[in-house]
Amino acid sequence: MSKLMRKFLLAVIAPLLIMGILSFGLTAFLVNRFAEDERYSQLEREANIIKEALAENRPVPREIQGFMTKDGVTERIDGRGRQFVELPILEDLQQKDRIEVQGNRLLTYQLTSGETVITTIREAPLASSALDGVYLAIGVALFVTLLLAAGLAYYMGRQFIRPIIELRGVAKQIGDGRKDVTLPVRPNDEVGELINAVDEMQEQLVQKDVLQKSFIAGITHDLRTPLAIIRNETEALAAGVIPVEELPEVTDSIIEEADRLGLLIDETLVYSKLAGGMMPLDQSEVALDSLVQETVERLRSTFSKDQVILTVETEPVRLVVDRRMFERVLVNFLMNAQVATPNGSEVRVQLTPMELTVEDAGSGVAEADRATIWDLYVKQTGGSGHGLGLAISRLILDSHGLEYGVRDSSLKGACFYIRF
């Protein structure tokens with residue numbers, strides 16, 4: 001039996017057992033109380049019968065016996081007549097009282113008539129064998145009820161717990177790396193919702209596995225290409241086969257490829273730190289309009305080389321952000337727009353109190369790709385980057401709690417936005 005089943009049975013049976021014991025005790029108390037009241041009524045009737053028999057000078061019925069006390073002398077009266085006895089215990093009794101004689105619990109009733117006191121005595125109901133059958137019936141009913149409850153709880157518990165036990169096995173298989181696992185049948189309750197959650201988790205793990213393999217393949221390719229170029233050109237330099245007049249071009253190429261490697265490594269480290277929460281934000285109140293203007297002016301010459309017109313419109317906006325991280329997001333949006341925009345077209349930056357937008361006149365982003373474009377190592381069509389820029393931007397914006405996305409631009413291209 002599983003631990004969960006034992007806990008389930010204990011949770012069901014323990015309250016029933018406590019309730020049964022309390023019910024048995026309360027029933028026994030009420031039955032005894034009722035029987036005791038009935039016994040006192042019987043004793044009162046017998047005392048009255050003895051009183052009438054004495055008054056009419058006739059014998060007392062055989063099934064009745066009692067005691068008559070007068071002037072300190074006590075006589076036992078029954079169907080056989082009278083007999084003097086000494087019973088000090090009968091003194092100072094209340095009208096209805098309880099006494100114990102030789103370990104037996106007795107009920108007494110006293111009827112006073114002038115100077116004569118008639119006392120009748122009967123065994124207390126709780127000690128009476130007449131109630132043994134009642135108590136036995138109650139005990140048997142309680143025992144049978146507990147057995148039936150335990151059986152029903154065990155059956156129902158197995159129905160409830162079976163999917164959870166099967167789900168535990170499935171979770172172990174998923175943990176071992178298996179992807180072709182079969183989930184249990186999903187009941188229409190919280191267990192079914194748990195199975196649905198595990199199903200979603202499995203799908204996400206598969207997607208992350210595919211994404212991880214894609215990321216490793218992409219990083220490997222992006223590292224291998226510049227390294228191959230650097231190696232080939234360095235070997236050519238070492239062999240002395242490059243003419244002197246081509247040396248500046250070759251060295252510039254080596255430097256360019258080394259810078260590309262450095263940028264890739266830097267972006268990978270930044271993404272790793274952001275994803276692992278190891279890069280805390282240094283947030284302060286920033287004048288976003290000044291930040292946008294400064295960033296645009298710094299990149300304007302880069303856009304001019306490709307004959308791309310860079311325009312900017314800002315309104316005064318102050319926001320608590322990490323200036324360096326927010327600037328990184330803006331630069332990424334701008335460089336993506338530069339790559340996407342044809343020569344002679346416009347890239348427009350607008351800042352309002354509601355949002356910051358970067359629009360281009362490129363081919364735009366298909367609606368089906370607007371959710372996945374922020375994923376790790378997903379590149380825009382025609383992009384020359386490593387597929388890390390937007391993934392890093394997503395982590396930065398998420399850590400700031402800002403809303404962001406991409407939509408169609410009024411320039412017929414893409415419009416990346418950040419809402420405040």
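Two strands pair if DSSP finds at least two bridges between them. The views below are taken from a predicted model.

**View 1. Strand 2 and strand 3 form a hairpin.** Strand 2 covers residues 73–78 and strand 3 covers residues 81–85. Five bridges connect them, in the antiparallel sense. Two residues lie between the strands. Asp 78 has Gly 81, in strand 3, as its bridge partner.

View 2. Strand 4 pairs with strand 5 (residues 104–113) in the antiparallel sense, over six bridges. Arg 98 stands opposite Leu 107 of strand 5.

**View 3. A salt bridge joins Glu 46 and Arg 122.** The N to O distance is 2.5 Å. Glu 46 belongs to helix 1 (residues 3–56) and Arg 122 to strand 6 (residues 116–123), so the pair ties together parts that are 76 residues apart in sequence. Glu 46 counts as buried because its relative accessibility is 6%, while Arg 122, at 26%, counts as partly exposed. The structure holds 17 salt bridges.

**View 4. Helix 4 spans residues 247–275.** At 1.5 Å a residue, its 29 residues should span 42 Å, and the end C-alpha atoms are 42 Å apart, which agrees. The buried residues of helix 4 include Val 250, Ile 254, Leu 261, Leu 264 and Leu 274. Glu 257 and Glu 267 are also among them. Gly 277, which follows helix 4, has a positive phi, near 70 degrees.

**View 5. Arg 348 lies in strand 10 (residues 346–351).** Its side chain and that of Ser 410 are joined by a polar contact of 3.3 Å. Leaving aside residues up to four places away in sequence, Arg 348 touches Thr 311, Thr 357, Val 358, Glu 359, Ser 410 and Leu 411.

**View 6. Glu 355 forms a salt bridge with Arg 419.** The closest N and O atoms are 3.6 Å apart. Glu 355 is in strand 11 (residues 355–359) and Arg 419 is in strand 13 (residues 414–419), 64 residues apart. Glu 355 is buried, with a relative accessible area of 18%, whereas Arg 419 is partly exposed at 31%.

**View 7. Asp 375 and Arg 394 meet in a salt bridge.** The N to O distance is 3.3 Å. Asp 375 lies in the loop between strand 11 and helix 7 (389–400), and Arg 394 lies in helix 7. Asp 375 is partly exposed at 22% relative accessibility, and Arg 394 is buried at 19%.

Notes: Residues numbered from 1 in each chain as written. Predicted model: local features only at pLDDT ≥ 70, side-chain atom pairs only at ≥ 80, totals over all residues. Heavy atoms only, no water. Helix = DSSP H or I, 4+ residues; strand = E, 2+ residues; numbered from the N terminus. Expected span 1.5 Å × (residues − 1). Buried < 20%, exposed > 50% of the residue type's maximum accessible area, 1.4 Å probe, protein only. Polar contact = N/O pair within 3.5 Å; in protein donor to acceptor, adjacent residues only side chain to side chain. Contact = heavy atoms within 4.5 Å. Salt bridge = Lys/Arg side-chain N within 4 Å of Asp/Glu carboxyl O.
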